Amino acid sequence: MAPRKEKGDKVARTDDATLILDYLLLTLTRRLVRHSRPYSAIDVSANLHNKITKTQAAKVLKELHQNGEIAGRAAGKQTVYHALQESSESASPAIIAALSQQIVTLQEELTTIKANEKKARAALAALEAKPRLFTLREEIRQLQEELDAAQVRLGKLYGDHQLQIPPEARAQLERDWKQWQRHTTVRRRICRELWGRCSEVLPENTTAPELWDSLGLEGTLQ
C-alpha cells in the first residue's frame, strides 16, 4: 500500500506542477513585459483559489526551479518565482497583431461609449429643462386652494342658489379641460421617453432610482 500511495503523490505533484507552470506562463503572456511579476508560494496558492495548498505550492515551485523550468530569486525571507523569459527583445508578430486588434476594438468601444454619453447628456438636459414634478404639484395645490377660496366666496354671494353657467361658457370649460388633459398625456409620454434614454447609460456606481432622486423627481413613471 505504501508504494501505491507514493505513486499517487507523484502524480498529484505532476498535476500541481503543470497547473503552476500554466499559471506562470499565462501571467507572462498577459503582461508582455521583459520581466514578468514574480510570485511567492502564497501568491500562487491564493491566485489559484487554493486548488494547491501553500505547502505543496512551495514544494512544486522549488522543484521546478531546481529543474530549470522556472526562474526564482530570494526576496527578503521568502523566494519568489516567475516564468522563464525569451531572450528576444521584441514580441512575436502574432502577439503584436493581437495587441493591435485589441487596441482597435477598445477604440471602437470607447467611441461608442462617448456617443452614448453625449446622447444621455442631451436627454438629461432636455429633461431638466422640463418643469419638475414637485413644481407642478405645488402649482396644482395652489390652484386648488384658489379654487376652494373662490367657491367659498361664491357661496357667500349666492347663498344656496346654484351658480348658473351659460352653455357657451360650459362648452368652453369642457374644451379647456380636454386640452389640458391632452397636455398632461403628451408631457407624461415625453417624460417617459426622456427617462428611458437617460436610464440607458447611467453614471458609474449610480442606479436609475438614485438618478431619479438626484434630479428631484417624484412619483414613478410606471
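This is a predicted model: local features need pLDDT of at least 70, side-chain atom pairs count only at pLDDT 80 or more; totals for chains, interfaces and linings use all residues.
Colleague: What pattern do the helices and strands follow along the sequence?
Modeller: The protein has 7 helices and 2 strands. Read along the sequence, the pattern is α-α-α-β-β-α-α-α-α.

Colleague: What percentage of the residues counts as buried?
Modeller: Buried means under 20% relative accessible area. The protein has 222 residues. The buried percentage is 17%.

Colleague: Which element gives the most to the largest nonpolar core?
Modeller: That core has 14 residues, and I20, V44, L48, L61 and L64 touch the most other members. Elements giving two or more residues to the core are α1 (2-31), α2 (41-47) and α3 (54-66). With 4 residues, the top contributor is α3.

Colleague: Which residues does V44 contact, leaving aside its neighbours within four places in sequence?
Modeller: V44 is one of the core residues that touch the most other members. Sequence neighbours within four places are set aside here. The contacts of V44 are then I20, Y39 and L61.

Colleague: Why do the buried residues of α3 line one face of the helix?
Modeller: The buried residues of α3 are Q56, A57, V60, L61 and L64. An α-helix has 3.6 residues a turn, so residues three or four places apart point the same way. Seen down the axis of α3, the buried residues line one face because they fall within an arc of 130°.

Colleague: Which exposed residues sit on the face of α3 turned away from its buried side?
Modeller: α3 has 13 residues and reaches 18 Å from first C-alpha to last, close to the 18 Å expected. Exposed means over 50% relative accessible area. The face turned away from the buried side of α3 carries T55 and Q66.

Colleague: At roughly what angle do the axes of α4 and α6 cross?
Modeller: α4 covers residues 93-129 and α6 covers residues 167-198. α4 passes α6 in a left-handed crossing. A120, A123, L124, A126 and L127 of α4 meet C191, L194, W195, R197 and C198 of α6. The axes come within 8 Å and cross at roughly 145°.

Colleague: Against which helices do the buried residues of α6 pack?
Modeller: α6 has 32 residues and reaches 46 Å, close to the 46 Å expected. The buried residues of α6 are L194, W195 and C198. They pack against α4 and α7 (208-214).

Colleague: How far apart are the C-alpha atoms of A208 and W195?
Modeller: A208 lies in helix α7. Not counting residues up to four places away in sequence, A208 touches W195, S199 and L202. A208 and W195 are 13 residues apart along the chain, and their C-alpha atoms are separated by 9.2 Å.

Colleague: Is F134 buried or partly exposed?
Modeller: F134 is found in helix α5 (residues 133-158). Buried would require a relative accessible area under 20%. At 36%, F134 is partly exposed.

Conventions. Residues are numbered from 1 along each chain as its sequence is written. Side-chain values use heavy atoms; hydrogens and water are left out. A nonpolar core is a set of buried Ala, Val, Leu, Ile, Met, Phe, Trp, Tyr and Cys residues joined through side-chain atoms within 4.5 Å. Buried means under 20% relative accessible area, exposed over 50%, partly exposed in between (1.4 Å probe, protein chains only). Contact means heavy atoms within 4.5 Å. The expected span of a helix is 1.5 Å times one less than its number of residues. The arc is that of the directions from the helix axis to the C-beta atoms. Axes are lines fitted to C-alpha atoms, for helices over the stretch in contact, and angles run from 0 to 180 degrees between N-to-C directions. A crossing is left-handed if the near helix is turned anticlockwise from the far one by less than a right angle, and right-handed if clockwise.
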